Amino acid sequence: MSETIEFGVELGLTPIKSTMRMQPDALVFDDNGMFGDRELMFVEAEGKHVGQFISLRADGVMALVESVITDDRALLDHPDAGLEIVPRLIETDENRIDVSVHKWHGVGVDQGNQAAEWGRAVFGRAVRLVRVSEEKPRFVEDNQRLGRVGFSDGYPLLVVS
């Protein structure tokens, strides 16, 4: 007796690392993988782990964070903090901050106090929202020839079965 097992295939992206996945009508790919996928992340803003990314495993409140990003802004939503529209800040020396994702240490572009206050309402502590740096990018396996990557765990596109 044979049994048929159907597998659903869903492709989506996560604009803010470790938050709710979204399924847009179309996925757009650029030099960094899927446009907007893990382009943003929340990092700790106080204590001994300043700049360390906040993961869903460590803080379950992230499961309810919804986001959409465009070229010039991010829309953030959470039941406890409401909807916030955060303009994309132009990268300067003043708004680059040290950040880390697992073993990688580099630079993120702080998205300002408006995003940080929204994050405080969600997390109940000081956090910063950072965007991928265009001027000081992260590379796959720290190798420029392999291309850029955002704040994913290491590669611009992961396919899991």
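The questions and answers below walk through this predicted model.

Q: What is the protein built from, counted in helices and strands?
A: The protein has 1 helix and 11 strands. Read along the sequence, they follow the pattern β-β-β-β-β-β-β-β-α-β-β-β.

Q: Why is the protein called as compact as a globular protein of its length?
A: Its radius of gyration is 16 Å. The globule rule gives 15 Å for 161 residues. The two values are close, so the protein is as compact as a globular protein of that length. Along its principal axes, the C-alpha trace spans about 65 × 40 × 30 Å.

Q: How many of the residues are buried, as a percentage?
A: Buried residues make up 42% of the 161 residues. Buried means under 20% relative accessible area.

Q: What do the contacts say about residues at least 24 apart in sequence?
A: Take the contacts between residues at least 6 apart in sequence. Of these, 52% join residues at least 24 apart.

Q: What makes up the accessible surface?
A: The accessible surface comes to about 9800 Å². Carbon and sulfur atoms hold 51% of that surface.

Q: How many positive and negative side chains are there, and how far apart are the centres of the two sets?
A: There are 17 positive and 28 negative side chains. The centres of the two sets lie 6 Å apart.

Q: Why is β3 called largely enclosed?
A: 5 of the 5 residues of β3 are buried, so the strand is largely enclosed by the rest of the structure. Both faces are covered. L40, F42 and E44 lie on one side, M41 and V43 on the other, and all are buried.

Q: How do you know that β3 and β9 pair, and in which sense?
A: Two strands pair if at least two bridges are found between them. β3 and β9 (residues 127-132) have 5 bridges. The pairing is antiparallel. Within it, L40 stands opposite R131 in β9.

Q: Which strands are joined to β5 by hairpins?
A: β4 and β5 form a hairpin with 3 residues between them. A hairpin also joins β5 to β6, again through 3 residues.

Q: How do you know that β5 pairs with β4 and with β6?
A: The cut-off is at least two bridges. β4 (residues 66-69) is joined to β5 by 4 bridges, and the two run antiparallel. One of the partners is D77 in β5, which bridges to E66. β5 and β6 (residues 82-87) pair over 6 bridges, also in the antiparallel sense. There, the bridge partner of A74 is V86 in β6.

Q: Why is G119 called buried?
A: Its relative accessibility is 0%, so G119 counts as buried, the cut-off being under 20%. G119 is found in helix α1. Leaving aside neighbours within four places in sequence, G119 is in contact with F42, G124, R125 and V127. The C-alpha atoms of G119 and E39 are separated by 16 Å, and the two residues are 80 apart along the chain.

Q: Why is S152 called buried?
A: S152 is at 3% relative accessibility, so it falls under 20% and counts as buried. S152 lies in the segment after β11. Beyond neighbours within four places in sequence, S152 is in contact with K17, R38, V101 and R138.

Q: What is noted about phi of R38?
A: Phi of R38 is near 50°, a positive value in a residue other than glycine. R38 is found in the loop between β2 (33-34) and β3 (40-44).

Q: Why is E141 called exposed?
A: Exposed means over 50%, and E141 has a relative accessible area of 54%, so E141 is exposed. E141 lies in the loop between β10 (138-139) and β11 (148-149). Phi of E141 is near 50°, a positive value in a residue other than glycine.

Technical notes
Residues are numbered from 1 along each chain as its sequence is written. This is a predicted model: local features need pLDDT of at least 70, side-chain atom pairs count only at pLDDT 80 or more; totals for chains, interfaces and linings use all residues. Side-chain values use heavy atoms; hydrogens and water are left out. The radius of gyration is taken over C-alpha atoms; the globule rule is 2.2 Å times the number of residues to the power 0.38. Buried means under 20% relative accessible area, exposed over 50%, partly exposed in between (1.4 Å probe, protein chains only). Contact means heavy atoms within 4.5 Å. Accessible areas come from the Shrake-Rupley method with a 1.4 Å probe; for residues, only the protein chains shown count as cover. Lys and Arg count as positive and Asp and Glu as negative; His and the chain ends are not counted. The place of a charge is taken as NZ of Lys, CZ of Arg, CG of Asp or CD of Glu.
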